[in-house]
Amino acid sequence: MRRLVDGDAKFETAGETFNFETANVLLLEQGAPGLDILVQIFAGFGTRNCYKSVTVEAAEGLARRCPLDLVVVDPALHGEDGLAFVRWLRRSGGEPNRTIPVIAVSANGARSAVSAARDAGVSHYLLKPIVPAVLFSRVVRVARETRAFVVAQSYVGPDRRFKSEGPPLGCGPRRASDLRGPAAKAPAPNLSQGEIDMMLKPQRANL
Amino acid sequence: MRRVSIFHPEHRLKALLARPGGITAAHAVARAHERLEAISVRCLAGLDDKIDALAETFAPAGSTPRHVLSAEASEIFAVAALFAATDIARAAASLCDLLMFADEADAGAGPALSAATANPLYLGAVAVHIDALRRLRRPERGGDETGREQIVAGLVEVVRKFVGPEHARAEELCAPRAAPAWVL
């Protein structure tokens with residue numbers, strides 16, 4: 001279960017402003033009041049263009065017509081899998097929509113649910129109830145994210161291995177296992193690419 | 001040969017957010033809270049319909065797909081928790097726990113349930129949750145604060161019997177989550 005801790009989203013600097021006015025946000029929720037809540041939160045942030053959808057089919061239609069900047073999706077739609085839309089978007093959504101940030105919002109914090117969302121290509125997974133401050137910090141974070149985008153036969157979406165990069169820049173450590181201090185200086189210069197290649201190159205042994 | 005392409009997309013959202021004329025994070029969050037406050041009565045009133053819909057969806061024979069029940073229960077939880085209807089939120093979270101761990105058990109990723117989901121005990125536990133939600137929503141049936149607290153505690157206990165004490169997360173789900181310090 002993800003718990004927000006002090007130091008989360010510390011990338012913020014005092015007095016910095018954010019302009020959500022012209023951002024195109026697609027909200028895919030199971031209906032009122034979930035959709036109402038998201039619309040009001042984004043309207044509070046200043047977003048004018050919120051596209052609302054309650055079915056995967058309608059969301060696909062919207063994504064075909066409009067260049068989007070952000071998608072917020074609830075994986076648990078009535079009788080449908082919201083993640084089906086994410087998979088479609090990542091594979092067939094066309095440019096530039098294919099690579100936009102997607103935030104999943106759900107009350108289901110089970111490992112299997114989070115894994116399924118990650119493997120469908122969502123950028124972040126937020127647990128309900130949606131707290132405006134938390135949603136805001138996640139939106140800003142995904143907008144600024146420099147994570148690689150992977151297109152492979154079995155997966156299309158943001159690189160799922162971003163955990164290896166440690167906490168986001170500017171954030172303090174969040175787990176007991178996170179390194180607390182600065183890394184020590186390397187005892188020797190980095191290997192050159194040639195040296196690395198030599199280490200990985202299979203060699204025939206002469207016996 | 002399999003081909004994998006890796007690149008770093010530039011998000012248009014990043015450029016849009018940086019445009020002049022925006023508002024501070026604290027201002028944006030405060031405005032969002034104001035707007036939520038304006039719809040709180042409507043959303044809470046809608047809980048009755050949601051609970052009725054959940055009760056109608058639930059078939060005691062166990063034929064209702066679990067994901068349908070999960071969707072209904074999580075919607076009730078999301079609204080109740082956001083607008084501080086704490087006991088309803090805890091009851092809904094308890095139901096979410098029950099359904100969630102049945103999913104986990106099916107996926108082989110979680111603790112084995114002590115009963116199959118078609119087991120009358122499991123179905124009874126779901127039915128008890130739905131009935132409790134109805135009672136909590138109607139003060140004349142839910143009783144006073146102590147009575148309501150007992151109802152919720154009973155639900156959490158029911159779930160613990162199925163999923164084990166270490167896996168019941170209703171309390172954690174409903175614990176208030178701190179906002180980032182920079183917003184406050």
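**Stop 1: Thr17 of chain A**

Select Thr17(A): leaving aside its neighbours within four places in sequence, this residue is in contact with Gly22(B), Ile23(B) and Thr24(B). Bear in mind during the tour that the model is predicted. Thr17(A) sits in strand β1 of chain A. Is Thr17(A) buried, exposed or partly exposed? Thr17(A) has 16 other C-beta atoms within 10 Å, so it counts as partly exposed. Ala152(A) and Thr17(A) are 135 residues apart along the chain, and their C-alpha atoms are separated by 37 Å.

**Stop 2: where the two chains touch**

Colour the chains separately and look at the region between them. How many residues of chain A are in contact with chain B? The contact involves 63 residues of chain A and 56 residues of chain B. On the side of chain A that touches chain B, at least two residues each come from β1 (17–18), α1 (34–45), β5 (76–77), α4 (111–120), α5 (132–144) and β9 (149–151). Colour that side of chain A by residue type and you get 34 nonpolar, 18 polar and 11 charged residues.

**Stop 3: each chain by itself**

Chain A contains 6 helices and 10 strands. It has 207 residues, of which 41% count as buried. Take the contacts in chain A between residues at least 6 apart in sequence: 64% of them join residues at least 24 apart.

Follow chain B from the N terminus and the elements run β-α-β-α-α-α-α-α-α-α. Chain B has 184 residues, and 37% of them count as buried. Among the contacts in chain B between residues at least 6 apart in sequence, 64% join residues at least 24 apart.

**Stop 4: two packed helices in chain B**

Select residues 25–57 of chain B, which form helix α2, and residues 66–82, which form helix α3. Two packed helices are described by the angle between their axes and the distance between the axes. For α2(B) and α3(B), the angle is about 160 degrees and the axes are 10 Å apart. The two helices α2(B) and α3(B) are therefore roughly antiparallel to each other. Their crossing is left-handed.

To see the contact, show the side chains. From α2(B), the residues that make it are Cys43(B), Leu47(B), Lys50(B), Ile51(B), Ala53(B), Leu54(B) and Thr57(B). From α3(B), they are Val68(B), Leu69(B), Glu72(B), Ala73(B), Glu75(B), Ile76(B), Val79(B) and Ala80(B). The residues of this contact comprise 11 nonpolar, 1 polar and 3 charged.

**Stop 5: the largest nonpolar core**

Show both chains again. In soluble globular proteins, nonpolar side chains tend to be buried together. Which residues touch the most other members of the largest nonpolar core? They are Val71(A), Ile76(B), Phe77(B), Ala80(B), Ile88(B) and Ala92(B), in a core of 94 residues. Helix α4 (residues 86–106) of chain B gives the largest share of this core, 12 residues.

Centre the view on Val71(A). Leaving aside neighbours within four places in sequence, Val71(A) is in contact with Leu26(A), Leu28(A), Leu89(A), Ile100(A) and Val102(A).

**Stop 6: backbone details in the loops**

Most residues other than glycine have a negative phi, and most peptide bonds are trans.

- Select Glu95(A) and Pro96(A): the peptide bond between them is cis, with omega near 0 degrees. Pro96(A) lies in the loop between α3 (82–92) and β7 (102–106) of chain A.
- Select Lys128(A) and Pro129(A): the peptide bond from Lys128(A) to Pro129(A) is cis, with omega near 5 degrees. Pro129(A) is in the loop between β8 (124–127) and α5 of chain A.
- Select Ala84(B): phi is positive, near 65 degrees, in a residue other than glycine. Ala84(B) is in the loop between α3 and α4 of chain B, and it is exposed, with 12 other C-beta atoms within 10 Å.

**Stop 7: Arg161 of chain A**

Finish with Arg161(A), in the loop between β10 (156–158) and α6 (193–200) of chain A. Is Arg161(A) buried or exposed? Arg161(A) has 10 other C-beta atoms within 10 Å, so it is exposed.

Terms used
Residues are numbered from 1 along each chain as its sequence is written. Chains are lettered from A and ligands numbered from 1 in the order in which they are written. This is a predicted model: local features need pLDDT of at least 70, side-chain atom pairs count only at pLDDT 80 or more; totals for chains, interfaces and linings use all residues. Axes are lines fitted to C-alpha atoms, for helices over the stretch in contact, and angles run from 0 to 180 degrees between N-to-C directions. Helices (H or I, at least four residues) and strands (E, at least two) are DSSP runs, numbered from the N terminus. Angles under 35 degrees count as roughly parallel, over 145 as roughly antiparallel, 65 to 115 as roughly perpendicular and the rest as oblique. A crossing is left-handed if the near helix is turned anticlockwise from the far one by less than a right angle, and right-handed if clockwise. Two residues are in contact if their C-beta atoms, placed from the backbone, lie within 7 Å. Ala, Val, Leu, Ile, Met, Phe, Trp, Tyr, Cys and Pro count as nonpolar, Asp, Glu, Lys and Arg as charged, and the others, Gly among them, as polar. A nonpolar core is a set of buried Ala, Val, Leu, Ile, Met, Phe, Trp, Tyr and Cys residues joined through C-beta atoms within 7 Å. A residue is buried if 20 or more other C-beta atoms lie within 10 Å of its own, exposed if 12 or fewer, and partly exposed in between; C-beta atoms are placed from the backbone.
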